[in-house]
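Let's take a walk through this model together, from a few selected spots out to the whole chain. Keep the viewer open as you read.

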Amino acid sequence: MATVIIPTPLRKFTNNTARLQVSAGTIKDTVQELTVNFPDLKKHLLDEGGNIRSYVNIFVGNDDIRDLQQEKTAVKEDAVISIVPAIAGGAPDPIFTKEELARYNRHIIIPGFGMEAQQKLKAAKVLVIGSGGLGSPVLLYLAAAGVGTIGIVDFDVVDDSNLQRQVLFGVDAIGQPKVEAAKKRLEALNPYIKLNLHNTHINSHNALDIIRDYDVIADGTDNFPTRYLVNDASVLLGKPNVYASIFQFEGQVSVFNYRDAKGALGPNYRDLYPTPPPPGLVPSCAEGGVLGVLPGIIGSLQALEVIKVITGVGETLSGRFYIFDALNFESRTFTIRAREDNPLTGKNPTITALIDYEQFCGMRAVEEKPLKEITAKELYDLQVKGEPFQLIDVREPHEYDIVNIGAELIPLATVADNSDRFDREKMVIVHCKMGGRSAKAIRELEEKFGFTNLYNLKGGILSYIDEVQPELTKY
């Protein structure tokens with residue numbers, strides 16, 4: 001194997017790896033292998049025509065390839081290849097303000113961590129997929145640690161039932177989009193970081209565009225289609241994927257698709273689970289429950305692995321699979337290896353692009369059917385005209401006591417048990433604070449009980465107050 005020495009300005013595109021092993025026979029093959037394994041390198045090494053850029057010099061041993069056979073220069077097994085791009089002072093290490101130095105002092109004084117590791121954290125871009133049970137501690141600790149850019153992917157809204165374990169949110173965030181509520185909390189924790197919000201359902205159409213701009217991916221998803229999607233997209237883009245999963249009293253953590261300092265690439269999720277279980281065999285946390293403190297434990301371990309991947313400090317869980325049993329307070333660590341039958345990275349790969357993961361898993365990752373909606377002014381017109389309809393409020397009793405518009409109170413958690421209280425013969429308008437919980441209630445009633453006459457009050461009671469009765473109390 002030949003050795004490629006990666007210059008400092010380009011190491012952020014190779015997981016901070018300085019030396020890589022390649023098996024190519026020519027310089028052209030070497031560059032191609034590098035850009036396949038590290039796609040972000042391509043634009044820095046090759047121009048639009050696929051040629052080595054004029055400001056990038058490549059040496060085999062001490063000889064410039066321009067004095068040899070250029071891209072056709074042969075590469076021997078023991079060759080040392082150096083990439084030397086032109087630099088004009090380069091990108092400086094991140095500069096810390098006096099306030100930041102004080103904030104991160106407990107990191108900087110750690111032997112073996114120090115200023116260099118803290119600079120890597122500030123320069124890093126981490127994408128956290130899911131801001132729920134696992135995402136909450138991951139986001140809190142990465143923000144507190146000083147990760148410079150954090151992306152948050154979530155399309156959900158904060159619900160009262162989340163607060164038992166999703167410590168990122170408070171009661172005042174109920175009904176708000178999770179990404180917005182998370183941003184507010186994290187900015188209050190650390191004003192020196194940048195937050196990118198992706199208030200969307202990540203899928204095969206947008207995953208590559210979202211993931212490609214980040215250095216490390218933290219997978220906090222809660223369904224198999226999205227988990228396989230995140231894994232495959234991370235592999236195709238050459239991104240390390242820090243994985244965690246929880247159920248009832250047990251949690252799992254690993255690091256997938258991680259290239260170590262020697263250039264060796266670790267296994268990915270499909271090496272552990274090539275295919276998903278049959279639909280319905282493994283219940284979700286929503287169905288089977290989860291001990292509220294467990295996501296805090298496992299999410300903190302996940303954040304730890306992200307920090308280790310970024311800084312290069314310590315040994316990551318790449319090639320290892322950690323399981324924690326909170327009920328018996330036992331932990332086990334298993335060795336996992338790349339499999340030849342991996343359909344993505346095995347001997348004969350059959351997956352070379354993102355696929356339909358809902359079909360692959362035999363299930364839908366998210367309900368996409370649009371809901372019927374009604375605006376606050378339309379509701380008011382119905383009230384004025386005396387039209388027959390039923391108005392249901394799915395907020396919590398304490399919210400109802402603060403302000404209500406005369407609706408029948410059926411809290412979201414009790415909707416299924418009270419489905420018989422929803423009229424099937426006339427229009428039923430369901431509302432909450434901002435529209436998120438009422439949408440969940442409607443989807444549950446439509447899916448489980450076949451309702452077709454339910455309408456969501458767009459913007460919830462807050463919209464009604466703004467547009468119809470501004471004298472009512474807002475909270």
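## A buried lysine and its partners

Lys-178 counts as buried, at 4% relative accessibility; here buried means under 20% relative accessible area, exposed over 50%, and partly exposed in between, with a 1.4 Å probe and protein chains only. Before going further, please note that this is a predicted model, in which local features need pLDDT of at least 70 and side-chain atom pairs count only at pLDDT 80 or more, while totals for chains, interfaces and linings use all residues. Residues are numbered from 1 along each chain as its sequence is written, and side-chain values use heavy atoms, leaving out hydrogens and water.

Which side chain does Lys-178 meet in a salt bridge? The partner is Asp-156, at 3.7 Å from N to O; a salt bridge is a side-chain nitrogen of Lys or Arg within 4 Å of a carboxyl oxygen of Asp or Glu. Asp-156 sits in the loop between β7 and α7 and Lys-178 in helix α7, so the pair ties together parts that are 22 residues apart in sequence. Asp-156 is partly exposed, with a relative accessible area of 22%. Lys-440 joins Asp-156 and Lys-178 in a network of salt bridges.

Helix α7 covers residues 178-189. Helices (H or I, at least four residues) and strands (E, at least two) are DSSP runs, numbered from the N terminus.

Buried in α7 are Lys-178, Val-179, Ala-181, Ala-182 and Leu-186. Seen down the axis, these residues fall within an arc of 160 degrees, so they line one face of the helix; the arc is that of the directions from the helix axis to the C-beta atoms. Their cover includes α6 (135-145), β7 (149-153) and β8 (194-198), where contact means heavy atoms within 4.5 Å. On the other side of α7, Lys-184 and Ala-188 are exposed.

Lys-183 is partly exposed at 26% relative accessibility, and Glu-187 is partly exposed at 38%.

## An enclosed helix

Six of the eight residues of helix α17 (residues 460-467) are buried, so this helix is largely enclosed by the rest of the structure. The buried ones are Gly-460, Ile-461, Leu-462, Ser-463, Tyr-464 and Ile-465. They pack against α14 (376-385), β17 (427-431) and β18 (454-457).

## The whole chain

How many helices and strands does the protein chain have? There are 17 helices and 18 strands. The C-alpha atoms fill a box of roughly 90 × 55 × 50 Å, taken along the principal axes. Of the 475 residues, 49% are buried. Among contacts with a separation of 6 or more, 66% join residues 24 or more positions apart. A search of the whole structure finds 17 salt bridges.

Notes: Expected span 1.5 Å × (residues − 1).
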